[in-house]
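I opened this model to look at its overall make-up first, and then at a few places inside it. My entries follow in the order in which I looked things up.

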Amino acid sequence: MSKASASLLPPQFRQWFKSRGWRPREHQLELLAKAQAGRSALLVAPTGAGKTLAGFLPSLVELADMRRKRPHPGEKAGKGSLHTLYISPLKALATDIARNLEAPVQEMGLPIRIETRTGDTPAHKRARQIERPPDILLTTPEQLALLLAHREAGELFKDLRRVVLDELHSLVTSKRGDLLSLGLARLFSLAPQMSAVGLSATVREPDDLRRYLMPQRAVDSLSPDLGWSRDPLHPAQVGNTRLAAGRVARSAGWKAQSRSASSHRSGTKADTGDLSPGRITPGPSPQGGGEEALADLVVVQGGARPDIRMLDLDERLPLAGHTAALSMPAIYELIRRHKTTLVFVNTRLQAEYTFQELWKRNDDSLAIALHHGSLDVSQRRRVEAAMIAGKLRAVVCTATLDLGIDWGDVDLVVNVGAPKGASRIMQRIGRSNHRMDEPSKAYLVPANRFEILECRAALDAVHEAAQDTPDARIGALDVLCQHILGRACAEPFRLEELYEEIRSAAPYAGLTWEDFEAAVAFVATGGYALRAYERFAKIVKGKDGLWRVRDARVAQQYRMNVGTIVEATMVRVRLGKTSRSRPGTVLPRGKVLGEIEEYFAETLSPGDTFLFAGEVLKFEGMAEDEVLVTRATAGTDPKIPSYEGGKFPLSTFLAARVREILSDPFEWDRLPPQLTEYLLQQRRRSIVPGARDLLVETFPRAGRFYMTCFPFEGRLAHQTLGMLLTRRLERARLKPLGFVANDYGLAVWGNGDIAARVGREPGFLDDLFSEDMLGDDLEDWLAEAALMKRTFRHCAVIAGLIERRFPGQEKTNRQVTVSTDLVYDVLRKHEPDHVLLRAARADAATGLLDVKRLGMLLQRIRGRIIHKPLDRVSPLSVSVMLEIGRERVYSDNADEILAEAEAALLDEALA
């Protein structure tokens with residue numbers, strides 16, 4: 001560290017570092033220098049490099065200096081002003097950072113006030129934070145949206161100097177990132193002096209994050225050849241899309257379409273009055289020149305190489321299933337041998353199961369806790385506090401603890417199940433030994449033999465420090481609608497000014513006036529087909545030309561429904577107590593244990609049992625909006641909650657690596673013997689496909705005909721492929737009866753002999769798997785698919801078409817479903833180009849249906865389909881055949897049932 005660099009730190013801070021036995025790191029001082037120059041920056045650093053301190057150090061130095069001087073001339077006496085805003089993707093992370101930040105503040109005696117603001121913050125404290133803001137406020141994207149929609153937003157943020165975006169790589173990949181980008185654009189408008197700091201783990205494309213941190217120079221809004229694709233699900237438009245700041249970079253898909261004045265949707269302009277943009281001049285780029293603005297980049301090299309291994313069992317793993325039941329004794333032994341262990345799982349269902357199984361083996365009475373998003377906030381906070389105090393030996397957790405929690409005593413991470421993504425597993429590994437100069441220690445625990453392949457691919461990726469972070473997003477239109485309403489709640493706006501502000505957000509830099517106009521028209525009237533219904537009119541245009549919220553009730557509804565996370569409606573789980581005066585009556589007198597999905601509660605009958613919060617509970621009934629339960633007697637078999645949240649598809653990057661390992665017999669030497677033996681059995685019985693090939697096997701079984709194929713492209717793409725294949729097989733009169741899919745392959749069965757058809761028509765499979773299935777077949781299926789309605793439902797809730805919560809009441813999941821399904825049918829018939837239908841189709845392209853990835857798959861296998869007709873099931877097909885009926889097995893002996901089915905199928909395959 002040079003003397004010039006060290007001189008950036010005031011003596012008080014240098015002494016504090018010295019008292020801790022630390023020296024300021026170069027990247028921490030570099031961020032301090034950039035902050036003093038008023039520049040925004042992205043810090044890319046490995047876990048334990050001191051990212052958080054680096055992000056806050058400039059603010060602490062500035063605030064300490066300000067307190068030594070007179071108050072800022074613009075400050076009101078006694079009120080103070082907000083200096084730094086910290087945005088975290090997780091409530092737990094914001095709380096953890098606030099606690100860690102208090103240490104240097106208290107130890108240096110700095111008169112700096114630090115507070116958190118999340119959904120758990122009491123209402124009176126949230127109100128006080130607006131009236132008397134702290135110096136540093138730590139919050140979430142949703143709370144930022146609420147603050148910006150407040151009438152006092154301008155006053156609150158006018159003196160803001162810095163915004164710190166933590167774990168930025170995880171924020172920008174979803175609609176939460178879209179909402180945050182719009183909030184960031186608004187902050188730059190309210191506080192032009194503000195700079196942004198992004199903190200991120202290693203990413204594949206840092207320039208995407210650098211654009212995100214900067215107001216972008218808007219492209220010419222009247223250019224006729226820029227804009228969102230009107231049909232993102234068209235087969236020619238399922239390739240990669242890259243939206244660069246200030247331009248739309250077009251690749252094989254999502255081609256921009258020419259727009260003319262005559263292409264406006266019927267009635268849109270009339271719905272909202274005169275929306276023409278007039279003369280709009282691109283705004284200045286505050287940092288850097290040229291078309292796109294990039295934040296400065298600071299990269300920290302080095303760090304200890306992680307010590308990560310695959311758990312090797314003597315037991316033979318099953319070919320399907322995700323419980324990892326055979327590994328539970330070994331996981332418990334790892335917990336026993338280490339100080340503190342984080343046991344990560346991919347779903348909340350797995351979390352409940354794993355926690356229960358570990359406690360069954362806990363003869364040493366180790367302190368093992370459970371942490372996931374459906375548990376009551378007080379229980380989550382108790383677990384976090386116990387971790388901080390070093391009182392726990394292990395925590396079974398989901399993605400709620402994926403990011404940034406700085407628990408230095410964690411010396412081991414165990415990931416149960418396949419990691420699904422290289423970047424995700426590297427993030428989780430970093431929770432162990434949260435220090436840059438010490439290796440993180442972790443075990444990957446495959447639950448079945450196919451997951452061994454995935455874990456092997458992930459280990460290779462970690463060794464190479466390879467990343468599979470997604471491409472930059474195009475901003476979602478439903479999120480844009482929500483933001484427009486929020487802006488109106490804060491203060492009246494002019495369309496032209498709002499349009500330019502929105503396009504300064506990187507995900508929306510290519511937004512056309514026509515798409516903006518459609519979003520405004522929706523917020524103002526609901527759109528052409530819904531304009532007759534007054535309840536859909538949220539904003540109105542005044543005689544002064546300004547747009548404002550219609551009334552206070554609309555503003556209140558917005559505040560109650562803000563955000564982009566749409567999960568199933570939740571109901572609280574309350575522990576009941578048996579009435580002494582009325583035997584057999586259970587009263588809601590106990591504590592709240594957490595929440596479960598409403599649809600799951602509706603399937604329960606009194607006396608049913610289920611596993612939740614680490615206990616077997618007995619369902620007693622519904623008491624208003626709560627599930628009333630009692631503790632079940634020991635030895636009771638539970639039904640496990642089928643949570644919707646928390647399932648990850650296999651990443652494209654890892655899928656390609658799995659195919660490469662599978663196709664190269666020399667790679668098999670690095671695999672456990674049980675998997676090598678399995679692949680050799682497959683090669684003797686059938687074929688092991690090449691990395692770019694698609695193996696299709698056909699065989700008869702139990703009076704039906706089966707077709708299995710193995711694209712290795714992830715569950716979502718396979719499910720969509722299965723749906724489209726069954727439609728094509730129906731048209732070919734092959735009478736399909738159903739299909740199943742997993743991350744690796746799918747199976748279709750029916751009464752028609754596909755192998756015989758291929759024998760008569762050699763080109764049949766090429767036609768069956770041709771790319772044109774993403775044309776009319778996809779359109780016809782979407783017209784009747786419940787999945788598309790579900791996608792639309794999510795967009796409708798985000799955009800504010802349907803509010804989940806009203807003052808004093810909350811809609812049930814069934815009410816929301818009925819409402820949105822009716823609107824969906826109306827719009828498809830009368831306004832098929834409605835902005836929310838387009839938003840839903842865009843979501844389907846990359847989300848629920850993963851049509852984009854399916855298109856890439858169909859392009860990859862063109863001319864490379866290998867058909868292997870068999871007289872019975874092959875070893876490879878056993879894995880996907882076991883998916884048939886698996887969803888219906890919930891009991892404690894589920895693994896035994898599946899093991900019996902697997903043994904029978906393998907005996908048949910190898911006979």
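Entry 1, the whole chain. I began with burial, and found that buried residues make up 60% of the 911 residues in the chain. I note at the outset that this is a predicted model, and I read everything below with that in mind. For the secondary structure I counted 34 helices and 31 strands in the chain.

At what angle do helix α13 and helix α14 pack? I took α13 as residues 328–337 and α14 as residues 348–360, and read an angle of about 75 degrees, with the axes 10 Å apart. Because angles of 65 to 115 degrees count as roughly perpendicular, I describe α13 as roughly perpendicular to α14. On the α13 side the contact is made by Met 328, Ile 331, Tyr 332 and Ile 335, while α14 contributes Tyr 353, Thr 354, Glu 357 and Leu 358. Sorted by class, the residues of this contact are six nonpolar, one polar and one charged.

I next looked at Val 345, which sits in the loop between β11 (341–344) and α14. Is Val 345 buried or exposed? Its relative accessible area is 0%, so I record Val 345 as buried. Leaving aside residues up to four places away in sequence, Val 345 touches Gln 350, Ala 351, Thr 354, Cys 397, Thr 398, Val 416 and Arg 428. Thr 354, one of these neighbours, is also among the α14 residues in the contact with α13.

My last stop was His 718, which belongs to helix α25 (residues 715–731). With a relative accessible area of 0%, His 718 is buried. Which backbone atom lies 3.0 Å from a polar atom of the side chain of His 718? I found that it is the backbone nitrogen of Glu 713. Not counting residues up to four places away in sequence, His 718 touches Pro 711, Phe 712 and Glu 713, and also Phe 739, Ala 741, Asn 742, Asp 743, Tyr 744, Gly 745 and Leu 746.

Notes: Residues numbered from 1 in each chain as written. Predicted model: local features only at pLDDT ≥ 70, side-chain atom pairs only at ≥ 80, totals over all residues. Heavy atoms only, no water. Axes fitted to C-alpha atoms, helices over the stretch in contact; angles between N-to-C directions. Helix = DSSP H or I, 4+ residues; strand = E, 2+ residues; numbered from the N terminus. Parallel < 35°, antiparallel > 145°, perpendicular 65-115°, else oblique. Contact = heavy atoms within 4.5 Å. Nonpolar A, V, L, I, M, F, W, Y, C, P; charged D, E, K, R; others polar. Buried < 20%, exposed > 50% of the residue type's maximum accessible area, 1.4 Å probe, protein only. Polar contact = N/O pair within 3.5 Å; in protein donor to acceptor, adjacent residues only side chain to side chain.
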